[in-house]
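Let's walk through this fold together, starting from one residue pair and zooming out to the whole chain.

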Amino acid sequence: MDEKTFDVDGVKVTNARFIVDGQTYTMNNITSVKQSGEEPSRILPVILLLIGGVLLIQQQWLASLIFVTVGAWIWKSQKPKYHIVLTTSAGESKALTTNQKEYITKVVQSLNEAIVHRG
């Protein structure tokens, strides 16, 4: 049986194997594929913003500006992470992590097609 390739940028998905970041997974060992996501922790930026607010009340203008600016910058720069989770007989493993949800969705679709075509 010929190996059928499913085109995805940066990873190789065929009906026989999945290659990502130098790791090869055989499709016969994969029982399920799912995508998951996690939101970043907002604790640090909230604390910095609160400190900036307290300093503003105390009329500490420069210190308040610094804390609010850094807190807002951290808040804005944090992005959610999305994962591809493979289930095998050995358990679950995160095969790929990125902050691009559309990319993860495309890879999961290719993996599901590969599972259907593995025979």
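Val 85 sits opposite Lys 94 in E7. Strand E6 covers residues 81-88 and runs antiparallel to E7, with seven bridges joining the two; strands count as paired if DSSP finds at least two bridges between them. Strands here are DSSP runs of E with at least two residues, helices are runs of H or I with at least four, and both are numbered from the N terminus. This is a predicted model, where local features need pLDDT of at least 70 and side-chain atom pairs count only at pLDDT 80 or more, while totals for chains, interfaces and linings use all residues. Residues are numbered from 1 along each chain as its sequence is written, and side-chain values use heavy atoms, with hydrogens and water left out.

Now step back to the sheet: it is open, has three strands in the order E5-E6-E7, and pairs antiparallel. E5 (30-38) and E7 (91-98) stand at the edges with a single partner strand each, so one side of each has no neighbour in the sheet. From one strand to the next, the twist averages 25 degrees. Helix H3, residues 101-117, lies across E5, E6 and E7, and runs at about 170 degrees to E5 (axes are lines fitted to C-alpha atoms, for helices over the stretch in contact, with angles from 0 to 180 degrees between N-to-C directions; contact means heavy atoms within 4.5 Å).

As for the chain, its elements run β-β-β-β-β-α-α-β-β-α from the N terminus. The radius of gyration is 22 Å, well over the 14 Å that the globule rule gives for 119 residues, so the chain is more spread out than a compact globule. That radius is taken over C-alpha atoms, and the rule is 2.2 Å times the number of residues to the power 0.38. Along the principal axes, the C-alpha atoms fill a box of roughly 75 × 25 × 20 Å.
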